[in-house]
Amino acid sequence: MISTLAACAMDGQSPAIQSAAVPPQAILAPPESTVEELDEILRTSSAVAVRDTPRTAVSPNILPGWSQDRQAEAIPALLNSCRVLTNQRMIAIGIDATPDDWVDVCLNAASLAPNDQQAARRFFEQWFTPVKVETENGGTGRFTGYYEAQLRGSRKQSAKYNVPIYGYPGRPEGKTLPTRAQIARGALGKGRKPLLWVDSEFDAYVLEVQGSGRVHMDDGSVVGIGYAGQNGHRFVDLTAVLSRNGAIADRSFESLRRYLDRLPESRRQAALNHNPSYVFFRLRDGKDPVGAQGVPLTAGRSLAVDPRHVPLGALLWLHVPRGQGADDVRRLVVAQDTGGAISGPVRGDVFWGHGDEARGRALATNAAGQYYMLVPKTHTILTQLTERTSR
């Protein structure tokens, strides 16, 4: 059964496309367990992925907005993660979740008809138990949004296209790469050719923060680029620094853009150099950006997390109340990415896709929120948790 999903990944096709080929006899019923039983196991077992925090198993019906979400839109994101989850171990809930723990879950997900909202909701209710993540501050943390940056570029340097986008040069063992300022002065070496050139220092910086982008080239083509590596230096949020100094009115990209536009060209790089971190990129083969889990990101359903606390591939019910003109974010998401600014047990960055609408939603998502982790009801996981309880 593992090889079925692995083949999907190898030939580049989504498991959802091949769902009709899943034999009916392979679709198994989920194990039976009550919320109360899982609650007792979780309370007495070792730490959940969010370390040293209380956790309580709850019914899906008490999740804020559960009955209003279109859970079928999360199935493609889950199936993307299934390509990884069914082939390697996942650390979650204080135990090792093996590929076998995910095979039946993923096969059942692949058998669902596209856009069948009721069937998708029943699937998640039958195969997963929500676990509330609680921390000292009540389980709340900061949630933001990100999107695929849009840039204009060329394969040749010119007076218009004069900002380089570099590929990852590799990091010498035990050493860091040059800082942003050193790279701007040519520390990567004259022989290192940029992947391409773009026309805006600001857009290039936004690309680094967002992690992926689409470059509209001067020949009419569109080139996708994705994260390839970082220079190893600490990320400094320029909007935070400049807002504290009174240089910009608030911590928004628009304020940063206006600030840089007011500077002479010779001083823009010096302003950006306050952030020593530098991100390198690669040309992207596929249409969609790929996250840290190694699978394509799904707009509105992929979340960047701190993998020290939340395992990649985990399903999360996210609730971020209204903030900065945006609607409440109440939806099922999959942890599929990470980010330099994403740190802490309750912290996330929602991927909203590309285009003006995605950009607007990303910039408007910035508020305190919380999430519930959806724990698979597999026999192995329940057995291991029970064994830990009885020790």
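Q: What volume does the largest pocket have?
A: About 1200 Å³. The model is predicted: local features need pLDDT of at least 70, side-chain atom pairs count only at pLDDT 80 or more, and totals for chains, interfaces and linings use all residues. Residues are numbered from 1 along each chain as its sequence is written, and side-chain values use heavy atoms, with hydrogens and water left out.

Q: How's a pocket defined, and its volume?
A: On a 1 Å grid over the protein atoms alone, a pocket is an open set of points where a 1.4 Å probe fits, with protein on both sides within 12 Å along at least five of seven lines. Lining residues have an atom within 4 Å of a point. The volume is the space filled by probe spheres set on the points, which are joined across faces, edges and corners.

Q: Which residues lie nearest the centre of the largest pocket?
A: Tyr 146, Val 209, Gln 210, Ala 341 and Asp 349, out of 44 lining residues. Elements giving two or more residues include β5 (141-154), α7 (201-210) and α11 (356-364).

Q: And the second largest pocket, how much space is there?
A: About 470 Å³. Its lining has 20 residues, with Val 163, Pro 164, Ala 184, Gln 269 and Tyr 278 nearest the centre.

Q: Which element gives the largest share of that lining?
A: α7, with four residues.

Q: Switching topic: how much of the protein is buried?
A: 53% of the 391 residues. Buried means under 20% relative accessible area, with a 1.4 Å probe and protein chains only.

Terms used. Buried means under 20% relative accessible area, exposed over 50%, partly exposed in between (1.4 Å probe, protein chains only).
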